[in-house]
Amino acid sequence: MQFFSFWRSLASFRVRIALNLKGLDANVTAIDLDADMQRKDAYRRVNPQMVLPALIDGDHPPLFQSLAIVEYLDEVYPTPPLLPADPRGRARVRGLAQMVACEGHPLLVPRVRQYLEHELKLDAATRQAWAKHWLVETLKGLEGHLAKDAATERFCHGDTPTLADICMAGHVTASISNGIDVDAYPTVKRVFDTAMALPAFAKAHPLAQPDTPEAMRMKR
Ligand SMILES: N[C@@H](CCC(=O)N[C@@H](CS)C(=O)NCC(=O)O)C(=O)O
């Protein structure tokens, strides 16, 4: 498997966790988003959308979009399952995952941040306010769903990690790095701490990757 990733990319973080949970090894090609390498021809040929992540499994065209990749991995490598067995459970897990991956995260990706800066000429403080606002909106939604539903147990849904935890891990990590007090969302925080205590999640953390800049690397 060949995995196109960047240490700070939250969508790559999702796929890293899934690969780790499944015990799958992938050769990582780091695409430096800070150097706009996603827009260079070499990567554009892999993913014409010019976003991370992408995954090549076998002699097939690259897979793209983190949720699609994680579901592909779950279907082809079914142990341990990342989606519940029942339709309602699957709908809930996908709903939680999509709150992060389809609603919150797209407002924060580099091309949106660059547009806010270069086209709309918003200053750094205003851009930071934008990021915090949307991170908090998603945290509130997650907390509301998780706190009120008996299906929330050790993890977002039940006693084992699912696609929902995979997505939430990145969202909470980004919230913390943006200075948001996640203690204000106690169910989210409890589930996040439970997930990040698992090696599959901890090893996938953005600050623990081979391409993480040395100065930022997590001290063990
Ligand atoms: N919805 C996509 C997100 C893709 C995305 O925006 N990825 C970011 C990194 S997390 C990226 O590569 N951005 C490049 C850019 O915005 O120019 C997924 O879940 O895979």
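Which residues is H205 in contact with, leaving aside its neighbours within four places in sequence?

1. The model discussed here is predicted. In it, H205 is in contact with F13, R16, T173, M196 and M218, once its neighbours within four places in sequence are left aside.

2. As to its position, H205 is found in the segment after α9, the helix given as 199-202. The relative accessible area of H205 is 12%. Buried means under 20%, so H205 is classed as buried.

3. Not counting residues up to four places away in sequence, T187 touches E143, L146, A147 and T152.

4. R127 has its place in helix α6, which covers residues 124-148. Is R127 buried or partly exposed? Its relative accessibility is 23%. The partly exposed class runs between the limits of under 20% for buried and over 50% for exposed, so R127 counts as partly exposed.

5. The contacts of R127, leaving aside neighbours within four places in sequence, are with R113, L116, E117 and L122. A101 stands 26 residues from R127 along the chain, and the C-alpha atoms of R127 and A101 are separated by 20 Å.

How values were computed
Residues are numbered from 1 along each chain as its sequence is written. This is a predicted model: local features need pLDDT of at least 70, side-chain atom pairs count only at pLDDT 80 or more; totals for chains, interfaces and linings use all residues. Side-chain values use heavy atoms; hydrogens and water are left out. Helices (H or I, at least four residues) and strands (E, at least two) are DSSP runs, numbered from the N terminus. Buried means under 20% relative accessible area, exposed over 50%, partly exposed in between (1.4 Å probe, protein chains only). Contact means heavy atoms within 4.5 Å.
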